[in-house]
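Dear colleague,

Please find the structure below, handed over for your own work.

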Amino acid sequence: MRKADIQFRKLVLVCTHEKLEGKACCAKKLSPEFFMNLKLAVAQRDPSIRVSRSGCLGNCQSGAVIAIMPDNVYLGEVRESDLDRLVNLITS
Ligand code: FES
């Protein structure tokens, strides 16, 4: 094992996990466009922050869920209307 070539100041995980049979999940709360809009907006403001899709973050009833590391911030009930506020929070 070795240190990866590229290091990021922050890693933002956006749960896009989809569950079947009507179970609560983040995929039902946000559009796929939201993830790309967030990723692009954050990258434009601070390329040292990585925004990636993730699987289930264990908080499905509070979806959509986003984790900001290393800040150790877990956000629930994220909605499309939160985009600008979210970009400000992540890049602060
Ligand atoms: S499906 Fe997103 S936290 Fe479980």
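**Core and helix packing**

The largest nonpolar core has 15 residues, and those with the most contacts inside it are Val12, Val14, Leu38, Val42, Ala64 and Ile66. Here a nonpolar core is a set of buried Ala, Val, Leu, Ile, Met, Phe, Trp, Tyr and Cys residues joined through C-beta atoms within 7 Å; buried requires 20 or more other C-beta atoms within 10 Å of a residue's own, with C-beta atoms placed from the backbone. Two or more residues each come from strand 1 (10-15), helix 1 (32-45) and helix 2 (83-91); helices (H or I, at least four residues) and strands (E, at least two) are DSSP runs, numbered from the N terminus.

The model is predicted: local features need pLDDT of at least 70, side-chain atom pairs count only at pLDDT 80 or more, and totals for chains, interfaces and linings use all residues. Residues are numbered from 1 along each chain as its sequence is written.

Leaving aside neighbours within four places in sequence, Leu38 is in contact (C-beta atoms, placed from the backbone, within 7 Å) with Val14, Val51, Leu83, Leu86 and Val87.

Helix 1 and helix 2 pack with their axes 10 Å apart, at an angle of about 40 degrees; axes are lines fitted to C-alpha atoms over the stretch in contact, and angles run from 0 to 180 degrees between N-to-C directions. Their contact involves Phe34, Asn37, Leu38, Ala41, Val42 and Arg45 of helix 1, and Leu83, Leu86, Val87, Ile90 and Thr91 of helix 2.

Overall, the protein has two helices and four strands, in the pattern β-α-β-β-β-α along the sequence. Buried residues make up 20% of its 92 residues.

Yours sincerely

Methods
A residue is buried if 20 or more other C-beta atoms lie within 10 Å of its own, exposed if 12 or fewer, and partly exposed in between; C-beta atoms are placed from the backbone. Two residues are in contact if their C-beta atoms, placed from the backbone, lie within 7 Å.
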